[in-house]
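Open the model in your viewer and keep the selection panel at hand.

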Amino acid sequence: MSEMNGKYPEDMGLRDAPMIEGEHDYGTVTDKIGSIVLDRPSPRQWYIWGGIAGICLGSFLVSFCWLIYKGVGVWGINNPCGWGFDIINFVWWIGIGHAGTLISAILLLMRQRWRTSINRLAETMTLFAVCCAGLFPLLHTGRPWVAYWLVPYPNALAIWPQFRSPLVWDVFAVTTYLTVSALFWYVGLVPDLATLRDKAKHKLAKIGMGIMAMGWRGSAAHWHRYEAAYLALAGLSTPLVLSVHSIVSLDFAVSIVPGWHTTIFPPYFVAGAVFAGFAMVLLLVIPIRKWYGVADFVTMRHMDWMAKIMLATGLVVFYGYLMEMYYAWYSGNQFEIALASNRLSGDYKFWYYALIFCNGLAPQVLWSKRVRHSLTGLFVVSLIVSIGMWLERFVIIPVSLSHDFMPSAWGGYTPTIAFGDVMFFLGTFGIFLGGMVAFVRILPMIPMSEIKHLLHLEKHESHPAAQAETVA
Amino acid sequence: MASPIEEARVKLSGIGTMQAIGVVAAIVGLGGFFFGVSSKAVEHPWQSYLYGFMVWTVLAFGCLSISLLIHMTRGKWGYTFIRVMEAGSKTVLLMAVLFIPILAFLKDIYPWANPDLVAASKTMQHRAALLNLQWFAIRSAVYFAVWIVLAFVLSKWSKDEDRTGDVNYLIKRTNLAAPGAVLLVLTVNFAVTDWVMSLEQHWYSTIFGLIFVAGGALMALALAATYLGMVWKREPFTSLLNPKNFHDIGNLLFTLVVFWAYLAFSQFLITWSGNLPEEIIYYANRKEGPWMPVGTGIILLHFFLPFLLLLSARLKRTPSMLLPVAIWIFLIRIAEVTWEVLPSFHRTGVQFSWVDAAAVIGIGGIWFAVFGQILRSTQLLPRYLQQPSEVAEHA
């Protein structure tokens with residue numbers, strides 16, 4: 001062994017910290033995570049957030065019914081800003097889902113073990129975020145009851161959707177995304193559901209978990225098929241991380257509206273999505289790990305990694321803002337230049353500067369290890385980023401539409417509040433929070449089977465069986 | 001006791017051969033190029049020079065990007081070839097020297113350096129505030145300065161760590177590489193805007209810089225894979241490398257192939273859909289003459305072929321099968337840079353002359369000769385590679 005060996009480990013700080021803290025064995029993992037679902041009473045915060053979710057859901061129901069009764073005129077959209085809160089919120093929610101897919105799929109393929117503790121929570125977040133997102137374009141069509149017209153199916157009138165429109169690509173992208181994410185989430189749950197089935201004392205829980213566990217017995221054949229299916233779904237999900245938000249970006253970029261038609265949009269939207277998604281994961285994980293006492297599994301090392309991904313994707317987003325400005329000037333195109341100056345000094349300039357602060361400047365504090373290792377610091381930055389990513393879509397969508405080519409066609413955008421845009425947006429938080437609140441109560445929020453596997457790996461890491469094979 | 005890595009202060013005989021070929025190529029290529037210049041074989045010979053310069057500059061900053069990636073992530077997957085990437089990065093100094101003739105012959109190359117053309121175009125008059133000899137030279141100096149500092153400092157710390165065994169260098173490398181990566185993306189973006197995009201009088205694209213970042217990294221990684229594919233049969237490489245290492249490198253190649261295609265396709269789809277005169281010209285021009293088949297070939301051979309081949313786990317795990325794919329990617333990268341640069345000269349008549357070929361071969365020859373020289377003076381495996389098992393147990 002080289003004499004350098006002794007000098008290496010300490011410096012790394014969290015890098016070599018264990019991914020599971022405390023003294024745990026397979027039994028304590030099941031007890032700790034499973035009991036949240038089976039035995040332990042919910043903490044006070046669970047009731048508070050359940051109540052908030054209920055209020056938001058109420059706001060959703062009222063504004064939804066009003067919208068269906070009156071039509072999309074209750075929203076603030078009008079000429080020239082035909083896309084407003086509805087599309088902003090669609091993009092914002094769907095972006096949030098990306099962190100879940102990245103954690104579950106890409107990090108799995110990259111053999112990043114730190115994903116294990118947070119993947120279930122992030123995947124669940126993805127599911128509810130996509131549900132919230134999907135509502136907006138569906139209702140934006142004005143006649144959601146004929147939304148099936150968006151799907152190409154043989155019909156007597158031989159009418160097909162416009163395949164060259166990215167809005168139709170959206171239908172394919174988002175439905176695929178929802179389907180694959182739901183499958184992935186469910187397949188991952190099966191071994192845990194079986195554990196809960198075996199542990200549950202209440203008959204109803206036993207039956208419910210039993211049905212959902214689909215006869216899982218944990219045999220070698222079961223595990224073999226499970227691993228294969230999980231890996232295959234990871235492979236299917238990976239391109240979705242790139243494709244879904246790229247297609248969302250094309251909703252804008254394939255048009256010729258200044259501020260929309262720019263080639264950097266696909267990678268810049270994808271980075272923004274992951275950026276916002278990790279901010280939301282942190283916003284959820286930081287309080288939940290405290291309330292449910294699962295800090296042994298979701299450690300500071302996880303926080304550090306998530307913060308680093310947020311920093312990296314935030315830099316790509318900031319790069320996108322710089323490019324938009326530089327090439328607006330470089331183009332020499334009067335409309336592009338007018339758009340850039342409108343952002344900097346027009347009616348909505350305050351929002352543009354707020355956006356630069358939230359997404360460009362504030363996340364730079366994540367370079368500091370102190371901030372990355374401070375839960376309060378991370379929570380505040382994540383909150384700022386979540387707001388910033390919403391502002392980004394506001395700046396891109398209505399602000400670009402308000403000043404396009406002809407001054408005579410210029411206008412402004414004002415969202416409606418009561419029974420309209422704002423109330424409906426708040427309402428989607430009801431779906432999201434309600435879903436998350438229900439989830440942490442009835443399903444294991446941390447994958448027990450994967451944690452046990454990780455525990456095994458961490459304990460036997462240095463085992464000689466892990467010897468390298470040599471090139472044949 | 002000295003470790004096997006130390007004992008094997010690897011001096012590969014192949015490096016000498018590579019240098020010899022490089023020197024011959026440099027003499028033949030540059031000889032041909034200067035004959036072309038003096039005999040006025042083509043109207044604008046310095047355009048050929050810029051083209052040759054770009055092909056190898058993309059490789060140089062590509063090596064820097066892979067080197068930054070390894071230092072930043074402390075990725076043990078890259079420790080077996082990190083010295084090759086560091087050597088490749090250091091060639092940015094060579095490229096800085098080779099850039100000087102471009103400054104001297106701007107008028108032969110760039111439309112914005114031609115007062116008649118500028119007078120006829122409002123866009124070019126608008127851009128003249130930044131696109132003029134003085135600012136072009138200052139900006140280019142900044143790009144090279146950033147690259148040179150990053151390449152040489154990282155390489156120095158990497159070697160100092162070997163020499164002293166001081167772990168602080170490891171931390172320093174990571175702390176420099178992370179902001180270094182940000183700087184690299186920014187400087188490459190603006191460099192290719194200045195050096196390549198500005199060949200077009202009106203066209204612009206915000207994603208263009210990233211296409212070069214991804215392309216450069218892909219070319220450099222293909223070089224690294226080629227290197228490993230050639231040396232793995234010799235000790236200590238045989239005991240250091242296992243199929244999993246090759247699998248990882250194959251996966252990274254695959255990722256970069258897909259990422260490059262994603263960026264290139266994004267640019268195409270958005271430009272095609274918008275169909276605006278100042279933008280579509282870029283593709284309209286590449287539909288003419290030989291560029292249509294070349295472009296189609298790039299779609300098939302730069303994306304589909306490596307994509308389909310690299311799907312196979314068996315291929316990625318077998319060095320003798322990965323090697324030809326890596327060589328192929330390296331070569332097709334040259335074709336891609338050709339397709340990016342040459343059509344932007346808007347030549348009438350012959351699109352690819354022997355002077356172009358001479359410039360690429362000549363500058364490439366110098367590149368490989370210098371690259372070999374840097375490799376010769378380097379211990380090819382860092383001591384911090386340590387134990388064979390650690391290479392296998394990368395994160």
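Buried means under 20% relative accessible area, exposed over 50%, and partly exposed in between (1.4 Å probe, protein chains only). This is a predicted model, in which local features need pLDDT of at least 70, side-chain atom pairs count only at pLDDT 80 or more, and totals for chains, interfaces and linings use all residues. Residues are numbered from 1 along each chain as its sequence is written, chains are lettered from A and ligands numbered from 1 in the order in which they are written, and side-chain values use heavy atoms, with hydrogens and water left out.

Select R163(B), which is exposed at 59% relative accessibility. The R163(B) side chain forms a salt bridge with that of D160(B), 2.8 Å from N to O; the term stands for a side-chain nitrogen of Lys or Arg within 4 Å of a carboxyl oxygen of Asp or Glu. Both residues lie in helix α8 of chain B, three residues apart, about one turn of the helix. Helices here are DSSP runs (H or I, at least four residues), numbered from the N terminus.

Stay on D160(B), which is buried at 7% relative accessible area. A salt bridge also joins D160(B) to K156(B), again 2.8 Å from N to O. K156(B) and D160(B) are four residues apart in helix α8, which spans residues 133-164.

Next, select R173(B) and E161(B), whose closest N and O atoms are 2.8 Å apart in a salt bridge. R173(B) lies in helix α9 (residues 168-195) and E161(B) in helix α8, so the pair ties together parts 12 residues apart in sequence. Both R173(B) and E161(B) are buried.

Finally, go to chain A, where salt bridges link D304(A), K308(A) and R372(A) in a network. Over all chains, the structure holds 16 salt bridges.

Key. Helices (H or I, at least four residues) and strands (E, at least two) are DSSP runs, numbered from the N terminus.
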